[in-house]
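Please read the following walk-through with the sequence and the model side by side.

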Amino acid sequence: MSDSLEIWGGVECSIVRLRERTRDQLRETGHFDRAGDLSLIAEMGIKTLRYPVLWELVGGDGSLNWRWPDARLNELRRLGVRPIAGLVHHGSGPKSTHVLDPDFPELLARYAGQVAERYPWLEMFTPINEPLTTARISGLYGLWHPHGTCEATCFRLTVAQCRATALAMKAIREHIPGAQLVQTEDFGRVFSTPRLRYQADYENERRWLALDLLSGLVDDDHPFHRRLLDAGVDRRHLDELSADPCPPNVIGIDYYLTSDRLLDDDLRRYPDEQTGGNGIDAYVDIAAVRSQMRDHARLRFRLKEIWDRYRRPIAVTELHNGCTREEQLRWLIEGWQEAKAARHDGADIRAITAWSLFGATDWNSMLAHQKGYYESGAFDVRDASPRKTIIASAVSQIAKEGAFDHPALDRPGWWRTECPPIKPARSMLLAGFGRMASVIEECCHRRRLAVRPTPPDKLTQELAQTNSWAAISIDDAGRSSRGSLSALTNLRCRFPGIATLDLQAARTIGMVETANAFLDLVVDGQTGMFRLLRAEPNNQYWIEAVAEDESGASYAV
């Protein structure tokens, strides 16, 4: 076991084929065009980074373009950051091929060998990200190419990707003998009501399929061997994987709030949920953290299951929560603590990974709907340049000191049952009157941020003399200095000392949206002046930093 738990980083880089278009997250989040992002990553103290060397970007038709990976990988090397090179991330390869192309494994292996020959200093590789998860979304749920809607297609995709991974690692090791395979997957557990236990048991066994294939465990006695053959998988391919396995050097678990699931056949309890089924029973499939099983939906339990099954080093290779800023922070810190607990219990846990450092777009629909729904990560990129969030501060301090504290962590995330606190939560002060003050107070309660109303004339004194960490004041008089109706809502936060944060928002933007955007900035510890703007036509907002010139006029930074 390594000496200490590390924190890694990752950049969302999916290139996904849909029926009418291809989604490219590197370009949609802007990272493709921002070379300066790599310095921001290094400044946080991250030493290991999941990073794309994607087949689709370089090309596969004889006209390879290495310009982008050359520049990025050489810069990471200069900065002292070790890449885990990802070759296919939910993708299908260049346009000339696809996963179910009989030549796909050999073609990917040829590309992998070219990568290793060009960058012989690389140490770690993920040839294909989440093979079973990608196969489910592409072959069972029909959202991505080839848009299959049957388990047989899912199984064929899984085996093809595992064969491609094994052949790719063999090609890589011809140039880099010590190259390590970091194989990622979502190993979420399925819980159920008693009637649906048979379905949960089936899915809980299926979740291991990709790793079992790579580890050479899918022989004639494996519970899925017959099913794979019945799905049209070539027996020779299973024999090949069994006879010449390619077990991971590090198993990567990608873990989200939605990873662990609950199947419930009592449809009356979920009038707003979509009903599914297996042809025998109808049921809903919901995140386990939204059910009575929330206390069983914990990362440490999934880590123990993986360790008990494979006894190989493990890293949490994606950890992300697309929510308000303090909930993102609580999820990251809970993941760090859960990984440490699993290490304490004897599992060889190497790292957790702050995923999606520059955010992600439209993952609330699995990229199926292009609405520009953005989730920030360690940086928020909805401005002229990436702006650090509290996640960046947490990652940096964990990387350098192994721990992080923030007043928002005095309360648990919404997905945990809240126990009586051992000590009072550190609070924010709130001074102001009117509807906006009420909205901010309500938003704080919903976000489990302790807040205490305070008379405006006591605000400075209370901030200096109590354990309060921020003081919010509201200019909600509604009129400009000339007496006319003001078009702006003005919010200010003072932190201990002299630092201040100001946000202006047009009154046409909803109060709840304004309050939550402001609270995100407060949790981030941002200072300076910002404007809240609304994007059309997707109706999302972004925050623009502004400054004043010598005449007092403001301008975007």
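The paragraphs below take up a sheet, then aromatic pairs, then charges over rings. The model is predicted.

The sheet is open and has four strands in the order 8-10-12-11, with mixed pairing. Its edges are strand 8, at residues 190-192, and strand 11, at residues 276-277, each of which pairs on one side only. Strand 8 runs parallel to strand 10 (residues 261-264), and three bridges join the two. Within this pairing, Phe 191 has Leu 262 of strand 10 as its bridge partner. Helix 8, spanning residues 197-206, packs on the sheet and touches strand 8, strand 10 and strand 12 (282-287). The direction of helix 8 makes about 175° with that of strand 8.

The aromatic rings come next. A pair of such rings is described by the distance of the centres and the angle of the planes. The model holds 15 aromatic pairs. One of them joins Trp 55 and Tyr 111, with 6.1 Å from centre to centre and 20° between the planes. This pair counts as stacked because planes under 30 degrees apart are classed that way. Trp 55 belongs to helix 3 (residues 55-58) and Tyr 111 to helix 5 (residues 104-118), so the pair links distant parts of the chain, 56 residues apart. Trp 55 and Tyr 111 are both buried. They also belong to one aromatic cluster, together with Trp 66, Phe 104 and Tyr 119.

Two arginines lie over ring faces elsewhere in the model. Arg 27 lies over the face of Phe 32, at 3.9 Å from the ring centre. Arg 382 lies over the face of Tyr 541, at 5.0 Å from the ring centre.

Definitions and conventions
Residues are numbered from 1 along each chain as its sequence is written. This is a predicted model: local features need pLDDT of at least 70, side-chain atom pairs count only at pLDDT 80 or more; totals for chains, interfaces and linings use all residues. Side-chain values use heavy atoms; hydrogens and water are left out. Two strands pair if DSSP finds at least two bridges between them. Contact means heavy atoms within 4.5 Å. Axes are lines fitted to C-alpha atoms, for helices over the stretch in contact, and angles run from 0 to 180 degrees between N-to-C directions. Rings of Phe, Tyr and Trp (its six-membered ring) pair if their centres lie within 6.5 Å; planes under 30 degrees apart count as stacked, over 60 as edge-to-face and the rest as tilted. Buried means under 20% relative accessible area, exposed over 50%, partly exposed in between (1.4 Å probe, protein chains only). A charge sits over a ring if NZ of Lys or CZ of Arg is within 6 Å of the ring centre and within 35 degrees of the ring normal.
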